[in-house]
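Colleague: I am new to this structure and would like to go through it with you in questions and answers. Could we take the helices, the sheet and a few single residues in turn?

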Amino acid sequence: MKRSDCDIKDYSLADSGLHRIRWSDQNMPVLGEIRKRFRREQPFAELRISACLQVTSETANLMRTLKIGGAEVVLCASNQFSTQDDVAASLVRDYEIRVYAIRGVYNNDFYRHMEAAVNHKPHIVIDDGGDLAVSLLTKQKEWFPNIMAVIEETSDGLNRMRALAKAGMLGCPVISANDSKAKRHFDNKYGTGQSTVDGIIRATDVLLAGKTVVIAGYGYGGRGFAERCRGMGANIIITEIDPVKALEAAMDGFRVMPLMEAAGQGDLFFTLTGTKNVIRAEHIERMHDGAILANSGHLDREIDIPGLEEIAMRVARGIRGHLVDEYTLKDGRRIILVAQGRLINLACAEGHPADVMDMNFATQALLTEYITSRDEPLAPRVYDPPTEVENMICQLKLDSLGIEIDTLTDEQVAYLSDWQEGT
């Protein structure tokens with residue numbers, strides 16, 4: 001591999017990136033065990049894998065695992081502001097993995113990087129948001145039938161894949177890493193919860209105690225974030241469109257109301273929904289001076305930024321670092337937008353802790369193995385992760401923590417499979 005085959009910011013950053021990758025690796029024991037086995041068994045020999053992910057130290061350890069398993073790997077960024085440039089440099093220098101990612105690039109370079117992953121003509125795609133899969137479908141249409149599967153890890157990406165399936169355009173199987181129990185319960189709840197708090201505090205230095213925090217979306221990410229904000233003394237309001245989730249939020253002790261009502265009460269507003277234009281101009285018009293807006297959903301469309309710009313009289317960029325912007329409305333009220341509406345936990349912090357990403361990326365690694373080890377190819381539709389993969393990952397994590405659990409007795413196994421024994 002030639003360095004000219006890659007596009008990163010600065011190779012002189014590689015020493016820092018290597019330290020960061022090794023630090024994360026210490027806290028990713030499940031992926032480490034899988035890597036040892038992959039080194040022996042080489043399940044991905046002669047296969048090409050293209051990944052479009054957040055380029056972080058945790059992602060680096062997944063890329064290492066896939067390459068050690070025999071794959072030829074290309075990595076591009078799924079978000080303009082999440083790339084850790086030192087990690088990208090180390091991946092190229094120390095692990096000879098082709099990387100196309102520079103933090104803060106504009107759209108032209110961002111999509112040029114993605115095109116490099118498309119031109120790799122992968123057998124397997126690991127995606128974060130569906131952009132790489134859609135690019136392959138449109139720009140390498142003749143190659144698309146050769147893709148064994150796409151592994152998608154976000155709600156937004158899965159929405160796109162299911163829309164393609166509904167339109168009869170999917171063309172290859174998709175496995176939903178996002179619907180893995182390990183991801184929902186640990187990555188989304190604990191990872192998003194902690195890293196979103198981390199991001200807003202780093203970006204604004206706001207004191208959460210005593211503030212009213214409005215959270216749009218009570219999925220696993222919203223639940224985790226709400227719990228952590230409450231633990232720091234904030235007053236929580238939940239807005240929802242799903243009656244089950246809204247009822248759950250109410251029974252968890254949170255106030256639940258429409259966003260239009262909450263707009264007049266909140267100090268900080270966060271979106272974690274997976275859809276677009278959740279916070280719109282009509283909501284912003286009701287917010288008080290100094291209200292802070294941020295997003296922890298995948299795409300930067302959850303906050304209607306064009307609508308905000310339309311009602312603003314002026315914008316002051318970078319009032320506290322380059323990712324905090326102040327919009328002044330015509331009546332003088334100021335609205336603060338963090339990270340340009342992109343993922344605050346990655347743009348302003350470091351994303352999820354390695355302990356959480358260990359399970360997420362172990363899922364990705366084992367799903368990749370599941371795809372390649374099948375005798376028969378999967379039909380082109382969206383699949384949930386196999387239960388055996390889920391159980392293996394959770395058991396490996398328990399083993400790494402030194403936690404033992406019970407197993408069913410033979411009598412219990414027989415009872416659970418017998419329809420005759422009743423009251």
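Modeller: A crossing of two helices is left-handed if the near helix is turned anticlockwise from the far one by less than a right angle, and right-handed if clockwise. Please keep in mind throughout that this is a predicted model.

Colleague: Which hand does the crossing of α5 and α6 have?

Modeller: Helix α5 and helix α6, the latter made of residues 131–139, pack with their axes 10 Å apart and at an angle of about 65°. Angles of 65 to 115 degrees count as roughly perpendicular, and α5 and α6 are therefore roughly perpendicular to each other. As for the hand, the crossing of α5 and α6 is right-handed.

Colleague: How do the residues of the contact of α5 with α6 divide into nonpolar, polar and charged?

Modeller: On the side of α5 the residues that meet the other helix are Met 114, Glu 115, Ala 117 and Val 118, and in α6 they are Asp 131, Leu 132, Ser 135, Leu 136 and Lys 139. Sorted by kind, the residues of this contact of α5 with α6 are five nonpolar, one polar and three charged.

Colleague: Are α2 and α15 roughly parallel or roughly perpendicular to each other?

Modeller: The axes of helix α2 (residues 29–41) and helix α15 (residues 354–372) come within 8 Å, and they cross at roughly 25°. The crossing of α2 and α15 is left-handed. Since angles under 35 degrees count as roughly parallel, the description that applies to α2 and α15 is roughly parallel.

Colleague: Which residues of α15 make the contact with α2?

Modeller: From α2 the contact is made by Pro 29, Val 30, Leu 31, Ile 34, Arg 37, Phe 38 and Glu 41. Taken over both helices, the residues of the contact of α2 with α15 comprise nine nonpolar, no polar and four charged. On the α15 side, the residues asked for are Asp 358, Phe 361, Ala 362, Ala 365, Leu 366 and Glu 369.

Colleague: What is the relative accessible area of Glu 41?

Modeller: Glu 41 lies in helix α2, and its C-alpha atom is separated by 15 Å from that of Arg 64, which is 23 residues apart from Glu 41 along the chain. Glu 41 is partly exposed, and its relative accessible area is 45%.

Colleague: Which strands stand at the edges of the open sheet of eight strands?

Modeller: The sheet has mixed pairing, and its strands follow the order β9-β8-β7-β10-β11-β14-β13-β12. Each edge strand has a single partner strand, so one side of it is left without a neighbour in the sheet, and the strands in question are β9 (255–256) and β12 (312–316).

Colleague: What is the bridge partner of Ile 292 in β14?

Modeller: Strand β11 (residues 291–295) and strand β14 (residues 334–338) run parallel and are joined by three bridges. Strand β14 is mostly covered, with four of its five residues buried. The partner of Ile 292 in β14 is Ile 336.

Colleague: In the hairpin of β13 and β14, which residue takes a positive phi?

Modeller: Strand β13 (residues 324–329) pairs with β14 in the antiparallel sense over five bridges, and Val 324 has Val 338 as its bridge partner in β14. Four residues lie between the strands of this hairpin, and the residue with a positive phi, near 95°, is Gly 332.

Colleague: Is Asp 205 buried or exposed?

Modeller: Asp 205 lies in the loop between α8 (181–204) and β7, and although Asp 205 is not a glycine, it has a positive phi of about 60°. Exposed means over 50% relative accessible area. With a relative accessible area of 55%, Asp 205 is exposed.

Colleague: Is Cys 6 buried or exposed?

Modeller: Cys 6 is found in the segment before α1 (14–26). Not counting residues up to four places away in sequence, Cys 6 touches Met 1, Tyr 11, Val 92, Ile 97, Arg 98, Val 99 and Tyr 100. Buried means under 20% relative accessible area; at a relative accessible area of 11%, Cys 6 is buried.

Conventions
Residues numbered from 1 in each chain as written. Predicted model: local features only at pLDDT ≥ 70, side-chain atom pairs only at ≥ 80, totals over all residues. Heavy atoms only, no water. Axes fitted to C-alpha atoms, helices over the stretch in contact; angles between N-to-C directions. Helix = DSSP H or I, 4+ residues; strand = E, 2+ residues; numbered from the N terminus. Parallel < 35°, antiparallel > 145°, perpendicular 65-115°, else oblique. Contact = heavy atoms within 4.5 Å. Nonpolar A, V, L, I, M, F, W, Y, C, P; charged D, E, K, R; others polar. Pairing = 2+ DSSP bridges. Buried < 20%, exposed > 50% of the residue type's maximum accessible area, 1.4 Å probe, protein only.
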